[in-house]
Amino acid sequence: MDVYGLIGNPVGHSLSPPMHEAGYEALGLDARYVTFEPSADAGAEAVEAAETLGIDGLNVTIPFKQDVLDAVDPAPLAERIGAVNTIDFAGETPTGYNTDAVGAVRALDHHDVSLSGTAVVVGAGGAGRAAAFGLADEGLSVRIANRTESKADALADEVPDASGHGLDSLSDLLANADILVNCTSVGMEEDKTPVPADALHSDLAVLDAVYTPIETRLLQDAAAAGATTVDGAWMLLYQGVEAFERWTGEDAPVDRMNGRLREHL
């Protein structure tokens, strides 16, 4: 039996186990997906322990995405982003990947969003970094807006063809933008949005990385403006699909994984 899993703290809320196991069941794979919750300062040690125990692959979530960099050989994109969320133990040394970037891109592509033009990324934290690099690598010009403008500027210095801005620039940035990705947690706990509703328009595609609730205030406002909307569960799905395919070498049964994921939302 192949064993895959997730390390994080906490992990009890994770939707990855049912999503991945739906994939194993659909393909008839002899595999299981389990969760591990190391102490908050033991991410690197957990990777070493997993390798010793013969775990085949790990996903990595908060607070370990940066901590495990020293315990793996990071792929170029993961090194640029500065975070790892997927580890493959198939080689001589554990290899670390970042599938969050691919998750954002594949979520947009699934909704027939043209990956060209200008993208506005709100937030310069971990998800924002992944989305900014992923979209830039697709050839988009990226505008990063963050509450602390200096953090947006610092990220923009690392991302090709990017610029940093404060949140007060959102209306101007969105006027001619093609894609908007919210990578903040605004909208998760309260019925709020980080983006002025009157800045949204029908030529925009809007991806909100928040998936609880599945229909955030931002997505409601975007739909009212006639924009294409992509909920955060699609990004969650496709980062998992990318890990699944890397580990198993099989085409992921996306529909089955998506169905199981949404059953648990």
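The model is predicted, so local features are reported only at pLDDT of at least 70 and side-chain atom pairs only at pLDDT 80 or more, while totals for chains, interfaces and linings use all residues. Residues are numbered from 1 along each chain as its sequence is written, and side-chain values use heavy atoms, with hydrogens and water left out.

The side chain of Arg 246 forms a salt bridge with that of Glu 242 at 3.8 Å, N to O. A salt bridge here is a side-chain nitrogen of Lys or Arg within 4 Å of a carboxyl oxygen of Asp or Glu. Both residues belong to helix H9, where they are four residues apart, about one turn of the helix. Helices (H or I, at least four residues) and strands (E, at least two) are DSSP runs, numbered from the N terminus. Glu 242 counts as buried, at 16% relative accessibility, and its side chain also meets that of Arg 106 in a salt bridge of 3.0 Å, N to O. Together, Arg 106, Glu 242, Glu 245 and Arg 246 form a linked network of salt bridges.

## Domains and their interface

The domain assignment of the chain gives domain 1 (1-96 + 232-261) and domain 2 (99-229), the bounds coming from an automatic or database domain assignment. Contact between them takes 18 residues from domain 1 and 22 residues from domain 2, where contact means heavy atoms within 4.5 Å. The C-alpha centres of the two domains lie 25 Å apart.

The size of an interface is often given as the accessible area lost when the parts come together. Between domain 1 and domain 2 the buried area is about 1,900 Å², of which carbon and sulfur atoms give 61%; this is the accessible area (1.4 Å probe) that the two parts lose on being put together, summed over both. The structure holds 13 salt bridges, and four salt bridges are counted between domain 1 and domain 2.

An unreviewed UniProt entry carries the annotation "active site" for Lys 65. UniProt positions are given in the numbering used here, feature names are shortened, and annotations may be inferred rather than shown by experiment. Lys 65 lies in the loop between strand S3 (57-60) and strand S4 (73-74). Not counting residues up to four places away in sequence, Lys 65 touches Val 60, Ala 83, Val 84, Asn 85 and Asp 100.

The side chains of Lys 65 and Asp 100 meet in a salt bridge of 2.9 Å, N to O. The pair links distant parts of the chain, as Asp 100 is in helix H4 (residues 100-110) and Lys 65 is in the loop between S3 and S4, 35 residues apart. Asp 100 counts as buried, at 12% relative accessibility.

Strands pair if DSSP finds at least two bridges between them. S3 runs parallel to strand S1 (residues 2-7), to which it is joined by four bridges, and antiparallel to strand S5 (residues 86-88), to which it is joined by three bridges. Leu 58 stands opposite Gly 5, and its bridge partner in S5 is Ile 87.

## Backbone features in loops

The peptide bond from Ile 62 to Pro 63 is cis, with omega near 10°; Pro 63 is found in the loop between S3 and S4. A cis peptide bond also joins Thr 212 and Pro 213, with omega about 10°. Pro 213 is placed in the loop between strand S11 (205-208) and helix H8 (217-224).

Asp 112 has phi near 60°, a positive value in a residue other than glycine. Asp 112 is in the loop between H4 and strand S7 (118-122) and is exposed, at 72%. For Asp 161, phi is near 50°, also positive. Asp 161 lies in the loop between helix H6 (149-158) and strand S9 (162-166) and is partly exposed, at 49%.

Terms used: Buried means under 20% relative accessible area, exposed over 50%, partly exposed in between (1.4 Å probe, protein chains only).
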